[in-house]
Structures are given as C-alpha cells and as structure tokens.
Amino acid sequence: QVQLVESGGGLVQAGGSLRLSCEASGRTFSRYAMGWFRQAPGKEREFVASIGWSGVITYYVDSVKGRFTISRDNGRNTVALQMNSLKPEDTAVYFCARGKGGGVATTEARYDYWGQGTQVTVSS
C-alpha cells in the first residue's frame, strides 16, 4: 500500500517562496518517478513537474521553469517542490503523485498514487 502526504502550503505574497514536501510510504519509492500537479479554482488539473527515479532527470511545465525546483531524497521517501518568485496565477491545490514507471512523465495517466493536496495561495 502506498500513501502520499503533502505539506508546506500556505498564503504568501507575490514574489515570495514556499517549499512543498511529499512524504511517501511503501518500500519501493526509489524505483518510481514522482510528480507534482496543481488545480486552480475553476480550472483543470495540470502537470507542474516530474523527477525520474534517480533524481537525475527532471521536467517542468513552461510556466514554472526557472522558478520551481523538484527534488527527491530516496533515503527518506520524500519529494520536494521549491517554489520561488511566486505569482498569483500559481494559486492552486498542489498534488503529489507517484509514477507508474521510473521515467519522468507529464500526464495523469502515467501516475497511480495521489496525495490529498495542499493549498497554495499567492496574493497580489
């Protein structure tokens, strides 16, 4: 059984930073890619970032490149999303997800376990 729990969300002013964390249960965390998705009010859930099993390969949606950094610590079963230079359009519920395989993936269909989400609100 796999459980994912996100933390670190909150309210921040535009230009500020937040660091989200995802803690995962299970014994095979290191074999799988991990990803972050987000869903803004009234919008579809969208891909944000993915990291391959080893942490070497990462991929980001264009709107967050240069501002967000995804990382992982396989020894601690954690994945983080460092968010800098936050904008009001980053406001959303952020979800952590485990990939079905070890390579980076950008679509919901390539992930099998999901956390409950953590709210990020960026004020202007």
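1. A starting point for what follows: a residue is called buried under 20% relative accessible area, exposed over 50%, and partly exposed in between, using a 1.4 Å probe and protein chains only. By that rule C22, at 0% relative accessibility, is buried. C96 is buried too, with a relative accessible area of 0%.

2. A word on the basis of this note. The model is predicted, with local features needing pLDDT of at least 70 and side-chain atom pairs counting only at pLDDT 80 or more, while totals for chains, interfaces and linings use all residues. Residues are numbered from 1 along each chain as its sequence is written, and side-chain values use heavy atoms, with hydrogens and water left out.

3. Now to the disulfide, taken as a pair of cysteine sulfur atoms within 2.5 Å. The count by this rule is 1. The bond joins C22 to C96, with an S to S distance of 2.1 Å. It connects distant parts of the chain, since C22 lies in strand β3 and C96 in strand β9, 74 residues apart. The link of C22 and C96 is left-handed, at -75 degrees about the S-S bond. Strand names here refer to DSSP runs numbered from the N terminus (E, at least two residues, for strands; H or I, at least four, for helices).

4. Next, the sheet that contains β3. Two strands pair if DSSP finds at least two bridges between them. On that basis 4 strands make an open sheet in the order β1-β3-β8-β7, with antiparallel pairing. β1 (4-7) and β7 (68-73) are the edge strands; each has a single partner strand, so one side of each is left without a neighbour in the sheet. On average, neighbouring strands of this sheet are turned by 15 degrees against each other, direction ignored. Axes for such angles are lines fitted to C-alpha atoms (for helices over the stretch in contact), and angles run from 0 to 180 degrees between N-to-C directions.

5. β4 and β5 are worth a look together. They pair in the antiparallel sense over 5 bridges, and W36 has A49 in β5 as its bridge partner. The two strands form a hairpin with 6 residues between them, and G42 in the turn has a positive phi of about 75 degrees.

6. β5 also pairs with β6 (residues 58-60), again in the antiparallel sense, over 3 bridges. I51 stands opposite T58 in β6. The hairpin of β5 and β6 has 6 residues between the strands, and G55 takes a positive phi near 85 degrees there. How much of β5 is buried? The figure is 5 of the 6 residues, so β5 is largely enclosed by the rest of the structure.

7. On packing: a nonpolar core is a set of buried Ala, Val, Leu, Ile, Met, Phe, Trp, Tyr and Cys residues joined through side-chain atoms within 4.5 Å. The largest one has 27 residues, and W36, L81, M83 and Y94 have the most contacts inside it. β3 (18-24), β4 (34-39), β5 (46-51), β7, β8, β9 (92-99) and β11 (118-123) each supply at least two residues of this core. The largest share, 4 residues, comes from β3. A second, separate core of 5 residues includes F37, A97, A105 and Y111.

8. Rings of Phe, Tyr and Trp (its six-membered ring) pair if their centres lie within 6.5 Å; planes under 30 degrees apart are stacked, over 60 edge-to-face, and the rest tilted. The count by this rule is 5 aromatic pairs. One of them, F37 with F47, is edge-to-face, at 5.6 Å centre to centre and 75 degrees between the planes. F37 is buried at 1% relative accessible area, and F47 is buried at 10%.

9. What is the arrangement of the rings of F37 and W114? Their centres are 4.9 Å apart and their planes at 55 degrees, so the pair is tilted. This pair links distant parts of the chain: F37 is in β4 and W114 in β10 (residues 111-114), 77 residues apart. W114 is partly exposed, at 24% relative accessibility. F37, F47, Y59, Y111 and W114 form one aromatic cluster.

10. Finally, R45. A charge sits over a ring if NZ of Lys or CZ of Arg is within 6 Å of the ring centre and within 35 degrees of the ring normal. The charged end of R45 sits over the ring of W114, 4.2 Å from its centre, and also over the ring of F95, 5.1 Å from its centre.
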